[in-house]
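Subject: Handover of a structural model

Dear colleague,

Please find the sequence and the structure below. My notes on the fold follow, and I would be grateful if you read them alongside the coordinates.

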Amino acid sequence: MPMIDADGCLINVSVEGRDGGPTLMLSNSLGCTLQMWEPQMKALTQIFRVIRYDRRGHGKSNVPPGPYTMERFGRDVLAILDDLNIEKVHWCGLSMGGMVGQWLGANAPERFGKLILANTSCYYAEPTKWLERIDAVKKGGIAAVADAVIAGWLTQDFRERAPDITARMKEMLLASPLEGYLACCEALSTLDQRALLPNIKNPTLVIAGRHDMATPISAGELIRSSIPGASMTIIDAAHISNVEQPHAFTDAVVGFLTQR
């Protein structure tokens with residue numbers, strides 16, 4: 001896995017899959033590493049060259065001091081593409097990855113083909129939830145919020161059916177570097193990208209989770225209705241829908257990216 005320099009921050013990047021095929025870039029949720037995409041990799045790498053990366057402050061990437069911004073996250077992505085000498089990719093981002101995708105679609109449309117914005121939001125009307133999480137994590141570490149976060153990521157039914165997967169997701173969350181996690185939460189507390197959405201001209205699919213309380217269907221619908229020509233698919237899952245419903249998620253991604 002290469003480490004790519006984005007303005008002095010080393011970003012952990014993985015490139016796998018079909019040489020010469022179209023390229024798809026995947027972007028993670030807050031508190032996740034590139035490992036969150038494992039349920040999709042077997043199918044996606046048969047069709048695409050797949051780029052995954054750990055966002056700054058996460059996984060094996062550097063943890064520079066905050067504040068972080070969506071623009072900074074977006075410019076990290078462009079630095080990765082430039083370093084790999086890749087002109088254009090399709091984008092699939094979940095949660096925070098979908099927020100970065102909105103910035104990229106509005107500010108660097110020529111670098112992207114189709115956009116998939118999954119389980120995400122463009123705007124938080126009230127920062128209180130994020131400020132409370134920041135306070136809790138500062139006082140008690142990520143462990144102080146881990147159970148509540150996992151309950152939002154995966155439905156109770158899934159957590160009971162798949163305790164091993166649930167435990168792995170919790171381990172991933174708990175392993176997040178504290179300072180990077182806090183800096184990302186602070187960036188989310190001021191999120192408002194509503195004005196960017198009408199500028200996105202790339203073909204766009206919004207994926208929402210039927211049981212997602214973190215970024216509910218209404219948040220997905222706001223994005224869909226604000227991006228010209230965007231479509232929406234609802235999956236029977238909570239927030240991390242690619243893990244809870246891997247086949248439905250993969251089918252939605254492949255179907256959208258391969259249709260003419």
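**The sheet**

Eight strands make up an open sheet of mixed pairing, in the order 1-2-4-3-5-6-7-8. Here two strands count as paired if DSSP finds at least two bridges between them; helices (H or I, at least four residues) and strands (E, at least two) are DSSP runs, numbered from the N terminus. Strand 1 (3-6) and strand 8 (231-235) are at the edges, and each has a single partner strand, so one side of each is left without a neighbour in the sheet. From one strand to the next the twist averages 25°. For this and the later angles, axes are lines fitted to C-alpha atoms, for helices over the stretch in contact, and angles run from 0 to 180 degrees between N-to-C directions.

The model is a predicted one, in which local features need pLDDT of at least 70 and side-chain atom pairs count only at pLDDT 80 or more, while totals for chains, interfaces and linings use all residues. Residues are numbered from 1 along each chain as its sequence is written, and side-chain values use heavy atoms, with hydrogens and water left out.

Strand 6 (residues 112-118) pairs with strand 7 (residues 204-209) in the parallel sense over four bridges. Within this pair, L117 stands opposite V206 in strand 7. Helix 9 (residues 217-226) packs on the sheet, where it touches strand 6, strand 7 and strand 8; contact means heavy atoms within 4.5 Å. The direction of helix 9 makes about 165° with that of strand 8. Helix 2 (residues 70-83) also packs on the sheet, touching strand 1, strand 2 (9-17), strand 3 (23-27), strand 4 (49-53), strand 5 (89-94) and strand 6, and its direction makes about 125° with that of strand 1.

**Helix packing**

Two packed helices are described by the angle between their axes and the distance between the axes. Angles under 35 degrees count as roughly parallel, over 145 as roughly antiparallel, 65 to 115 as roughly perpendicular and the rest as oblique.

The axes of helix 4 (residues 128-140) and helix 8 (residues 178-189) come within 9 Å and cross at roughly 165°. Helix 4 is therefore roughly antiparallel to helix 8. The crossing of helix 4 over helix 8 is left-handed, meaning that the near helix is turned anticlockwise from the far one by less than a right angle (clockwise for right-handed). On helix 4 the contact is made by W130, L131, R133, I134, V137 and K138, and on helix 8 by L178, Y181, L182, C185, E186, L188 and S189. By class, this contact has nine nonpolar, one polar and three charged residues; Ala, Val, Leu, Ile, Met, Phe, Trp, Tyr, Cys and Pro count as nonpolar, Asp, Glu, Lys and Arg as charged, and the others, Gly among them, as polar.

Helix 4 also meets helix 5: their axes come within 7 Å and cross at roughly 135°, which makes helix 4 oblique to helix 5. R133, A136, V137 and G140 in helix 4 meet A143, A144, V145 and V149 in helix 5. Six nonpolar, one polar and one charged residues form this contact.

Helix 5 (residues 143-153) and helix 7 (residues 163-174) have axes that come within 10 Å and cross at roughly 135°. These two helices are therefore oblique to each other, and the crossing is right-handed.

**Backbone details**

Most residues other than glycine have a negative phi, and most peptide bonds are trans. D7, in the loop between strand 1 and strand 2, has a positive phi near 50°. The peptide bond from G66 to P67 is cis, with omega near 0°, and P67 is found in the loop between strand 4 and helix 2.

Yours sincerely
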